[in-house]
Amino acid sequence: MRGQSPRNLYGRRREATPSGEVGVGRSAVLITSLDNEKLKLVRKLQDRSWRDKLGLFVAEGEDLVQAAVDAGVEPVELLVAGENVESVLLAEISTLGHPPRVIGVFRRSDLPRPAVLPDVGLALWHVGDPGNVGTLVRAADALGPAFVARSAGTADPTGPKALRASMGALFRVPLCRFDDAPGRRIALVARGGRPLDELALSEPTTFVLGAEREGLPEDVLARCDERATIPLATDVDSLNVAVAGAIAEKAKSALGQTASS
């Protein structure tokens, strides 16, 4: 949608700028108090319980908000420093070290939900680090098309740290529940599985990853069709879960490109 005229939170269409940047009309009422309900909402959404309750989340910074607009995901609230909110107030409610110029509030229900998921994806079991979750979403976007499935106990991909780590990929990558991940399930384990490069990966595939310390429990492993291990140098003990997921996706995508050529 870059260069087009996305609708802003006021229900009007703005004039498109040459770069397609996000903006609001100068006629917007300027927010001058931290007691404003929109600013209170942004602060609430820093807490996962409020994101779960309201089905909303916050994207801070022009790059993330623009990524949403480019993907066709419109904000329900858009706060722009100096245009509809005082800059010092936007800095006050931000979680960033460097205050953003733009903060957008979005609906979780507006994130991608295609009727048919891509042929490759990552299923995350209790991956609790939000930075890893965001990086895995980014890898799914870069090496996909791919989806990301999540179990209960996995970090919220719409949380501030995960969203920043995804670099806006969250607005493009389909998410689903862990149990809804389709295709053949391959568990990535630190040791004892078949070497990843020896597996036949021609059919729809879900790579199942666990938390870095705990790995995958036996009941989850029992529901997988195969166990795979990424071969490592002799003096290396393990891989970061985000790196492992990216390598697995790359192996599947590379095979797909070879088969189609």
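Modeller: Happy to! Let me begin with confidence: pLDDT is the predictor's confidence in each residue, on a scale from 0 to 100. This is a predicted model, and the protein chain has an average pLDDT of 84, with 81% of the residues scoring at least 70. Two stretches call for care. Over residues 255–261, pLDDT stays under 50, and the model has two contacts there beyond four places in sequence. Residues 1–21 also stay under 50; for them the model has 44 contacts beyond four places in sequence. Where pLDDT is low, the predicted coordinates should not be read in detail.

Now to the sheet itself. It is open and built from three strands, ordered S1-S3-S2, with antiparallel pairing. Strand S1 (56–60) and strand S2 (77–80) are the edge strands, each pairing on one side only. From one strand to the next, the twist averages 15°. Looking at one pairing, S2 and strand S3 (residues 102–107) run antiparallel and are joined over four bridges. Within that pairing, Leu79 has Ile103 in S3 as its bridge partner.

Two helices complete the picture. Helix H1 (residues 37–44) packs on the sheet and touches S1, S2 and S3; the direction of H1 makes about 105° with that of S2. Helix H3 (residues 62–70) lies across S1, S2 and S3, and H3 runs at about 40° to S3.

Definitions and conventions. Residues numbered from 1 in each chain as written. Predicted model: local features only at pLDDT ≥ 70, side-chain atom pairs only at ≥ 80, totals over all residues. Heavy atoms only, no water. Pairing = 2+ DSSP bridges. Axes fitted to C-alpha atoms, helices over the stretch in contact; angles between N-to-C directions. Contact = heavy atoms within 4.5 Å.
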